[in-house]
Number of protein chains: 2
Amino acid sequence: MPAADTQSDHQAPAAVLATPDPTAPVRTPQDRPSAAEEARTIVAATKTGTLASLSEDGTPWASMVAFATLADGRPVLMVSTLAEHGRNLEREQRASLSVVTAGEEGADPLDNGRVTLAGVAERVEGAEAEAARAAYVAAVPPAALFSTFGDFSTWVLRVDRVRWVGGYGRMDSVTTEQYLAAEPDPVLPRAAGAVRHLNDDHADALLAMARALGGHPDATSARCVRADRYGLDLRADTPAGRASVRVGFAAPLDDAQGLRAATVALARQARAAD
Amino acid sequence: MPAADTQSDHQAPAAVLATPDPTAPVRTPQDRPSAAEEARTIVAATKTGTLASLSEDGTPWASMVAFATLADGRPVLMVSTLAEHGRNLEREQRASLSVVTAGEEGADPLDNGRVTLAGVAERVEGAEAEAARAAYVAAVPPAALFSTFGDFSTWVLRVDRVRWVGGYGRMDSVTTEQYLAAEPDPVLPRAAGAVRHLNDDHADALLAMARALGGHPDATSARCVRADRYGLDLRADTPAGRASVRVGFAAPLDDAQGLRAATVALARQARAAD
């Protein structure tokens, strides 16, 4: 399931976007979450997004919504006909939902992960509506009150098309089947504290990983920028410039609790190889 | 310019949405930012939003964008034809931009202020493009690099329609003229620290304001939930329930520096009236 699909084809001098290649063998698995896994992870970790619906005058209408996610990744919306998007969906069900990862304070927002789920909103009734409403109230507690108002109705977005952007130069399209079948990453949304701890207290271990395992023996410093179930993304300073370095765990993690042991194992492996 | 336009017409039992009325005279101005001022404030304080554009297959397409704001409040976008929204704008210029205020950690996101600006995106060229690009690079520093790529172009959204939602039950539509003529509130986006300080260290003064100035002499506690150039929004606990209380400054403030003196003056006035 993991892959490394990305795409970048900016009309720019190649050197502007280049990062230094490894100068030594890379000694860990290079798996990373697939675009489908990235998309599922972003959607599962987030409770607000922006709906694009079609207004009566033909203008695409962007508006904030709270949403819940069914077990298969389809988003649930509860909208009021007092809101333009609620009236729009009654008339035209083609719609899309943009979901953006909350970035670190001060980080470049254009480097944040985000996803667009496009498809057809279906107003659900009966047992399906009960399940969707229960998921919505669990994700959006104030809905326990407003879901009883007569102007609110419950919708599930049937996802026909998924576009994931991981940040600069990392993006891909995902089929509906890939999206519905993928699992959200159990580590990524819970790793911010561990990443901070690695950078604050274990910069030496990160540098050893970049040098001994990541193919950059001439690195002079390294920071961790992300952890997921498959490994760590590092940025290393080298004489040739700043390099993106991937160090992968021996096996994918099943939960965030495994992150500490897997990182310690990488640090040991790096020091043994040094 | 200030007004108190709001609208709520949920199909719900009236008692569910009611808050207790004042039981004594209200002794301060009740002005608050107009919907146009609220909208300008949200847009001016924010650098990312979600664009709704129209995809080739007719689906409204929601996607994250960084934006800048011209002095009159029109948003500037810089988009790549590598992105679906960039290709969409080339084909169909009707579009809208949703901008959401960053809420306090843990706050109900549906109570966040947000605005949708709808209209027609115009690709700008020549001197106008230079000014727009300069505003964009100032707001989005990485654009200094990518604005030189051949796949990026600069757009200004001609705003035809504005919808502001201040949170539960506070919403209004704004004309283009009102939006372009309004000033962003100079206090609101810079008041979070002052509001925290009032709640942490001056709960007694807030309670005195709610009792002596805000029309709720039987209030038992009060918190500040917001400060703007015209005054403070308080929530007060009373025997009849939780009341929304507005205490206004003697005169609108021109900058956030004036907030401390204006609040001290309200506290003095409250204690003198007690």
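**Close-up 1. Helix α9(A) gives the second largest pocket the largest share of its lining.** In this predicted model, six residues of the lining of the second largest pocket come from α9(A).

**Close-up 2. A look into the second largest pocket.** Rolling a probe the size of a water molecule over the atoms shows where empty space is left. Here the second largest pocket has a volume of about 300 Å³. It is lined by 16 residues, and the closest to its centre are A:His197, A:Leu198, A:Arg260, A:Thr263 and A:Val264. What kinds of residues make up the lining of this pocket: nonpolar, polar or charged? The lining holds nine nonpolar, three polar and four charged residues.

**Close-up 3. The annotated stretch of chain A.** Let's turn to a span with a label. The unreviewed UniProt entry carries the annotation "domain: DUF2470" for residues 192-266 of chain A. Follow the chain through this span and you will find that 37% is helix and 32% is strand.

**Close-up 4. Two copies, one turn.** How can chain A be laid on chain B? A turn of 180° with a shift of 0.0 Å along the axis does it, giving an RMSD of 0.0 Å. The two copies are therefore related as by a two-fold rotation axis. Both copies use the same surface, as 98% of the contact residues of chain A recur in chain B.

Conventions. Residues are numbered from 1 along each chain as its sequence is written. Chains are lettered from A and ligands numbered from 1 in the order in which they are written. This is a predicted model: local features need pLDDT of at least 70, side-chain atom pairs count only at pLDDT 80 or more; totals for chains, interfaces and linings use all residues. Side-chain values use heavy atoms; hydrogens and water are left out. UniProt positions are given in the numbering used here, feature names are shortened, and annotations may be inferred rather than shown by experiment. Helices (H or I, at least four residues) and strands (E, at least two) are DSSP runs, numbered from the N terminus. Copies are superposed by least squares on the C-alpha atoms of residues with pLDDT of at least 70 in both. Contact means heavy atoms within 4.5 Å. On a 1 Å grid over the protein atoms alone, a cavity is a set of points where a 1.4 Å probe fits but cannot get out, and a pocket is an open set with protein on both sides within 12 Å along at least five of seven lines; lining residues have an atom within 4 Å of a point. Grid points are joined across faces, edges and corners, and a volume is the space filled by probe spheres set on the points. Ala, Val, Leu, Ile, Met, Phe, Trp, Tyr, Cys and Pro count as nonpolar, Asp, Glu, Lys and Arg as charged, and the others, Gly among them, as polar.
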